[in-house]
Each structure stands twice: as structure tokens, then as C-alpha cells.
Amino acid sequence: MELAAIFISAVLVQNFVLYYFLGICPFLGVSKKIDSAFSMGLAVTFVMSITAVVSWLINNLILIPFGLDYLQIVSFILVIASLVQLVEMFIRKISPPLYQALGIYLPLITTNCAIMGLALIAALNEYSFVETVIFGFSSGIGFTLAIVLIAGIREQLDLADVPEPLKGAGIALIVAGIMALAFNGFIGMLT
Amino acid sequence: MKKKRRKKKRKMRDKGLVIAIKNNLAQVEVQCLIESCGRCSARSLCTGQDKSKGHLDVQNPLKACVGDEVEIEIPEAKYNQALILLFGTLLTALLFGMGGGYLLSFLIPLSASATSILGLILAVIISGAFLFRHFKRKFHDQLYPVITDILNKGDCHG
């Protein structure tokens with residue numbers, strides 16, 4: 001039951017993009033097409049899940065036992081950067097053209113504050129290992145849901161008569177705000 | 001008047017200059033329009049470069065040679081397929097590994113956290129090895145951009 005609550009909360013209620021407003025850069029930058037948005041969402045979900053695992057290990061096996069909690073931010077930054085570097089190396093090894101095509105795509109995940117926020121929130125809530133992984137995974141699913149939804153709306157917006165000054169990021173931010181208000185309606189689910 | 005809501009199948013195309021031929025691949029220099037980076041993933045290769053030009057390895061079925069101005073097509077749909085396969089496999093392995101490890105804790109005298117961690121790491125390594133073996137075979141050269149037209153022939157054609 002606890003795990004289900006964590007899952008629903010991270011996907012719908014405390015969605016990283018629409019509740020915390022973290023990870024806005026890829027949310028706006030890679031949300032022009034549904035296909036690209038979905039693959040970006042999967043990549044973020046994977047990095048979030050693996051970050052949750054490694055940051056839990058570092059926090060509970062090194063930082064807390066040795067009283068080094070104040071190093072959380074520095075160590076989590078290091079962990080996230082190393083992980084994305086590893087993923088990049090792996091992709092480069094298995095498919096050089098895919099690595100060439102991704103370009104800024106993966107570093108965009110490294111500098112995504114949603115990943116950092118995830119590690120810090122998981123540490124703050126003192127989740128167990130399994131809870132941390134479920135939290136990481138469901139936060140990624142929540143991110144994917146938000147980015148795919150906005151990509152769908154933006155594809156339709158291409159056909160709409162948007163006033164010139166609002167075209168591009170302007171209308172995307174307005175849509176994101178309306179989506180955040182709509183997602184607020186889910187708050188009653190977990191009271 | 002109402003706009004037509006017909007969705008056109010867009011293909012990502014670009015122009016470039018062949019600067020080298022390596023094995024079966026041509027190296028094409030494309031102009032980088034930095035201001036349009038936000039709109040086109042193909043421009044990402046330009047980020048962080050001082051010059052306003054980027055280099056791409058592309059398939060060369062038309063046998064273009066050095067000096068030719070060519071049109072290239074970027075297989076964006078294939079990139080998405082490849083990414084979904086890659087991260088989907090790793091994510092599934094991660095979850096099943098952790099779940100399997102958790103269930104194993106009822107059978108062996110280890111804590112649920114320890115078995116979950118072991119299961120997860122093992123599953124991710126196995127799926128990584130699986131991808132390493134099969135990914136190349138599945139996509140082969142399909143992920144390279146392709147030269148679709150020679151716009152201006154260079155001196156090499158004589």
C-alpha cells in the first residue's frame with residue numbers, strides 16, 4: 001500500500017515537472033514531437049531510477065554512517081554526472097551513429113535539476129531501498145507523462161492561430177501552467 | 001478560413017558538403033544555425049563548437065565524392081525506436097531484477113534491501129550485455145544519416 005501511495009504521488013500528485021517545476025529545460029526543449037518526448041521520457045526515467053539506487057547506496061552506506069550528510073549535494077552531483085557519462089560511453093560503444101545523433105540530448109539529462117531533486121527528496125524522506133527505487137521510477141513515469149502530454153498539445157498548437165508574441169516558449173509555458181493547475185486536482189487522491 | 005488539419009509526414013533533411021570518404025561512409029560538413037538549436041535535434045552536434053560548422057558521418061549509396069554538395073536525410077524515427085528499445089530494456093531489467101531480488105529475500109537469509117540491490121545490479125548487467133550483442137545486429141547501419149541527392153557535383157566527377 002505504501003509503495004502504491006509513493007507511485008501515485010510521484011506520478012500524479014507531486015509530479016516533478018508540474019508540482020515542483022523541476023526539469024523544465026527538457027520539458028520545453030524536447031516536447032515538440034510525441035515520439036522524441038517519449039524517448040526522452042524513457043531516458044530520464046532510466047537515469048532517475050539508477051540515480052535513486054546509487055544515491056541511496058552512497059547516502060546510507062557512506063554519508064550517514066560517517067556523519068557526512070553535509071556532503072549530500074556535492075556527492076549527488078558527482079554521482080549523476082558519472083552515471084550519465086557511463087550511459088554515454090555505453091551508447092557510444094554499442095552505436096556510434098546514435099551517440100552522434102544524441103549530441104546535447106544526454107548532457108541535457110545531466111544538468112536536469114529534476115534528477116538532483118529526486119536524490120535530495122528521497123534522502124529527505126528517509127525511504128527504504130525498495131521505496132527509493134519505486135520513487136525514482138515513478139518520478140520518471142510522471143516526467144514522461146507530463147512531457148508526452150505537452151508534446152501532444154504542442155503538436156496541435158502548430159495548427160492553431162497563436163498570437164505572434166506568444167509563439168514558441170510563451171504558449172508552451174502557458175500550457176504548462178494550465179496543466180499544473182489541472183494536475184492540482186489530483187491532490188485530493190492521497191489525503 | 002479553416003486551416004487544413006492534415007498531418008504531413010515530415011522528414012528531417014539538410015544540405016552539406018562532402019569533405020572526406022572513410023570506408024563506406026562519407027563525412028559531410030553541415031552549416032550550423034545555432035539560433036535554431038532548440039527546434040532541431042540534428043543541430044545538437046554544433047553545440048560547444050567554436051566554428052559554425054558540424055561534421056556528420058553519413059551513408060553514401062549515391063557514391064558522392066569529396067567536393068559534392070549533397071542533401072542528407074536524418075532517420076529520426078529510427079533514433080526514437082533505438083532509444084525506446086535501449087532504455088525500455090534497461091528499465092524493464094532494473095524493475096524485474098529488483099522485484100526478483102526482493103522475492104528472493106523470503107528464501108535466503110539476507111535482508112530485502114541486499115537481495116534487491118544484488119538482483120537489480122545483476123539484471124542491469126545482463127540486459128547491458130544482451131544489448132551489447134544484439135543492438136548492432138538489429139539496427140546495423142540504419143542509424144546513420146543517408147545521402148539522398150547530389151545537388152552540385154564537385155571536381156572529382158571530372
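Predicted model: local features only at pLDDT ≥ 70, side-chain atom pairs only at ≥ 80, totals over all residues.
A:Ser75 lies in helix H4 of chain A. Which residues does A:Ser75 contact, once neighbours within four places in sequence are left aside? They are A:Ile58 and A:Leu63.

Staying in that helix, H4 of chain A covers residues 72-94, and A:Ala81 is found in it too. A:Ala81 is partly exposed, with a relative accessible area of 33%.

Next, two backbone points in chain A. As background, most residues other than glycine have a negative phi. A:Phe21 is not a glycine, yet its phi is positive, about 55 degrees. Where does A:Phe21 sit? Its place is in the loop between helix H1, residues 2-13, and helix H2, residues 24-29, of chain A. A:Phe21 has 40% relative accessibility, so it counts as partly exposed.

The second one is A:Glu126. Here phi is near 50 degrees, again a positive value in a residue other than glycine. A:Glu126 is found in a loop of chain A, between helix H7 (113-124) and helix H8 (129-157). Is A:Glu126 buried or exposed? At 69% relative accessibility, A:Glu126 counts as exposed, since the cut-off for that class is over 50%.

On to salt bridges. How many does the structure hold over all chains? The count is 1. In chain A, the side chains of A:Lys167 and A:Glu164 meet in a salt bridge, with an N to O distance of 3.4 Å.

Now chain B. It has 2 helices and 5 strands, and along the sequence these follow the pattern β-β-β-β-α-α-β. Chain B has 158 residues, and 41% of them count as buried. The accessible surface of the chain comes to about 10100 Å², with 58% of that belonging to carbon and sulfur atoms. If you take the contacts in chain B with a separation of 6 or more, 73% of them are between residues 24 or more positions apart.

One residue in chain B is worth a stop on the way. B:Ser105 lies in the loop between H1 and H2 of that chain. Its relative accessible area is 14%, so B:Ser105 is buried. What lies 2.5 Å from a polar atom of the B:Ser105 side chain? It is the backbone oxygen of B:Tyr102. Not counting residues up to four places away in sequence, B:Ser105 touches B:Leu110, B:Ser111, B:Ala112 and B:Thr115.

That leaves the interface between the two chains. On the chain B side, 40 residues are in contact with 43 residues of chain A. Which three residues supply more than any other three of the area that chain B buries against chain A? They are B:Leu83, B:Phe87 and B:Leu91, and together they supply 16% of it.

What about specific polar pairings across the interface? The rule finds 0 salt bridges between chain B and chain A. For polar contacts, it finds 1 residue pair, both at pLDDT 80 or more.

Three elements of chain B each supply at least two residues of the side that touches chain A: strand E3 (53-59), helix H1 (76-104) and helix H2 (112-139). Which element gives the most to that side? H1 of chain B does, with 15 residues. By residue class, the side of chain B that touches chain A divides into 21 nonpolar, 10 polar and 9 charged residues.

Conventions
Residues numbered from 1 in each chain as written. Chains lettered and ligands numbered in written order. Heavy atoms only, no water. Contact = heavy atoms within 4.5 Å. Buried area = accessible area lost by both parts, 1.4 Å probe. Salt bridge = Lys/Arg side-chain N within 4 Å of Asp/Glu carboxyl O. Polar contact = N/O pair within 3.5 Å; in protein donor to acceptor, adjacent residues only side chain to side chain. Helix = DSSP H or I, 4+ residues; strand = E, 2+ residues; numbered from the N terminus. Nonpolar A, V, L, I, M, F, W, Y, C, P; charged D, E, K, R; others polar. Buried < 20%, exposed > 50% of the residue type's maximum accessible area, 1.4 Å probe, protein only. Areas by Shrake-Rupley, 256 points an atom, 1.4 Å probe, with all protein chains shown as cover.
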